[in-house]
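Please keep the sequence and the 3D view open while reading.

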Amino acid sequence: MVRGPAGTCREEAGEEDVKPAPDRPNAYRAPEARVPGARPSQKSDEYSVGVLLLELLTGRSPEQASPSGSSASFSGPSAAEGQKAHGVKQRLSCWDDGAGMITQCPIQPNTTFTYRFNVTGQEGTLWWHAHVSILRATLHGIIIIRPKSGSYPFEKPHMDVPVIIGEWWQRDLMKVDKNFSNGGHFSDNPAGATINGKLGDLYNCSGFVEDNFVLNVEQGKTYMLRLVNAVLFSEYYFKVAGHKFTVVGADANYVKPYTTDVIAVAPGETIDVLMVADAPPCRYYMVALANQPPAPDPQIPVFMSRGVVQYKNAPIDVGNNCTKEALMPEMPNQHDTMVSFYFHGNLSGMAGHPLLAQIKGHIDEHLFIALGKGSICKGNKPSCKRGGSGEAIEVAYMNNVSFHLPEKMSILEARQYAKTNGAFMGVQDLPSRPPRSFNFTDPALIPVVPGGKLEELEATRKATTMRRFAHNAVVEVVFQSTATMQSDSNPMHLHGHDFFVLAQGHGNYNPARDVSGYNLVDPALKNTVQVPRLGWAAIRFVADNPGAWFMHCHFEFHIAMGMATVFEVANGPTVDETLPPPPSDLPKCTNVKE
């Protein structure tokens, strides 16, 4: 990407990669999702990007967002895809989870499918996005579930403010996805970062400075900023100059409040913070900055977007120390991943959760999952040269197996079909541990070079993998990030369940040392855990929701390259613990490979 003095977003892409939009000559435009009643935003302080789904969920205005305990539904757009209500537990409604080829075949062009689910017991911020290919880059929005009682475990804010961190793309997203599915291409980057769909004044894509998202505030009032990281590739740091935040929620679960001046939000995560407008009346930048591991990891351009917090009736006067130019916060270094480590380490849950007693007892299933990258030989050859020779394709894996999506039938349909005839596709068990132990976090494994230390560990295989759990089983998973080909963090997301984050650490996980440090008193309850760079994270959950649930990294290049698996949860002994049959209008697969 070439970035000019004011942040021009212009990519070195071939003409075939860029499709002009009528109102912006250099902008890629994805197929539009036509939604009844949805209106494009005309002002920078309107949050149409953030409230689209809320209108669909309830038929109400955004100010009357979905109350906890209500059911909800929305229809898919006219594009071949599935829609995922990210973080909604889908209790006994796995058919409506929206994961393409996991729970359903994609919604075909010019057809619709209505998702129906219940949000009982959930409060806070979630989001929705396409879950086929890489289309979530442009198809996403926010879900806000407010307490049915109207009361919060903290002082009620004066206003909800959706803050969706996204990306502006000028490339054919289907080609980007294909590139990553065939080994990755680190030149496939977005043109810029956005806040609520606004590029901000660091960019001049069309020859003039782009608009900022503007939040107008009043002195002394409290604002609930509901942050969503909807980007494909990067964790972001978020700050507002002159202001601090009180963190009160994460992934639609309340956390013990704590104060900070910087938020770290990984792809797939949502973070709720209270911000009091207690600074001198003026204009203050809110900034979202992408982080990344330092070299020798492959480096991508710096991505940053700015919005503005603007006090009403602020005196724009040099004598009052409030100039027209907004005040800029001091941002962390983009390579300082310790900011994320400490932020996520400070998250703790509310004591007294009913499942805490269960996860403290007997653990039925233990998984140690190494997250990394390797390679497979081109053309399915049994052997080939590696070390960047060109004879192999880079893939991402879990325990040295790169996930292969089914091509003829979704896994959940196959599960249902297997009840009647005993057949269940070519699914293999995900190994409980990697096939060999090594120093997972050795930086010498990062370079992909002939004869390098990594080469003997590169060989990987592809398969459709699954782990099957008995109903109500207590499962512990330890995720180990590795340095194979890169040392990045890994935001791991589980569909259909929340899990308790018990601990995180750097280096190689050592149960003899690390289990004693588990937080079994007030662990944070999440659906996405940021596994630290060159480190590990331990989670536990109760497998009490029958179905086939996708578990994957939320970095899009990782999931496209195979860092995923499926957790199948068995039905319970009663009707109330049994997944119902599929809906009659479940999308059918077409154009599948024979």
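**Disulfides and backbone features**

The torsion about the S-S bond of cysteine 377 and cysteine 384 is about -85°, so this disulfide is left-handed. The structure is a predicted model, in which local features need pLDDT of at least 70, side-chain atom pairs count only at pLDDT 80 or more, and totals for chains, interfaces and linings use all residues. Residues are numbered from 1 along each chain as its sequence is written, and side-chain values use heavy atoms, with hydrogens and water left out.

**Disulfides**

- A disulfide is a covalent bond between the sulfur atoms of two cysteines. Here the term is applied to a pair of cysteine sulfur atoms within 2.5 Å.
- Three disulfides are found when the whole structure is searched.
- In the pair of cysteine 377 and cysteine 384, the sulfur atoms lie 2.2 Å apart. Both cysteine 377 and cysteine 384 are buried; buried means under 20% relative accessible area, exposed over 50%, and partly exposed in between, with a 1.4 Å probe and protein chains only.
- Cysteine 105 is joined to cysteine 589 by a disulfide with an S to S distance of 1.8 Å. The link of cysteine 105 and cysteine 589 is left-handed, with -85° about the S-S bond. This pair links distant parts of the chain, 484 residues apart: cysteine 105 is in the loop between β2 (83-86) and β3 (114-118), and cysteine 589 is in the segment after β30 (564-569). Helices (H or I, at least four residues) and strands (E, at least two) are DSSP runs, numbered from the N terminus.
- Cysteine 282 and cysteine 322 form a disulfide with their sulfur atoms 2.1 Å apart. The torsion about the S-S bond of cysteine 282 and cysteine 322 is about 110°, so that disulfide is right-handed. The pair links distant parts of the chain, 40 residues apart, with cysteine 282 in the loop between β14 (270-276) and β15 and cysteine 322 in the loop between β16 and α3. Cysteine 282 and cysteine 322 are both buried.

**Other cysteines**

- Cysteine 94 counts as buried, at 0% relative accessibility.
- Cysteine 553 is buried too, with a relative accessible area of 1%.

**Backbone**

- Most residues other than glycine have a negative phi, and most peptide bonds are trans.
- The peptide bond from alanine 295 to proline 296 is cis, with omega near 20°. Proline 296 sits in the loop between β15 (283-290) and β16 (304-311).
- Asparagine 380, although not a glycine, has a positive phi of about 60°. Asparagine 380 is in the loop between β17 (365-377) and β18 (392-398), and is exposed, with a relative accessible area of 75%.
- Asparagine 472 is not a glycine but has a positive phi of about 75°. Asparagine 472 lies in the loop between β22 (465-469) and β23 (473-481) and counts as partly exposed at 37% relative accessibility.

**Serine 348**

- Serine 348 is in the loop between α3 (338-345) and α4 (356-360). Serine 348 is buried, with a relative accessible area of 15%.
- Leaving aside neighbours within four places in sequence, serine 348 is in contact with Val255, Lys256, Asp522, Pro523 and Ala524, where contact means heavy atoms within 4.5 Å.
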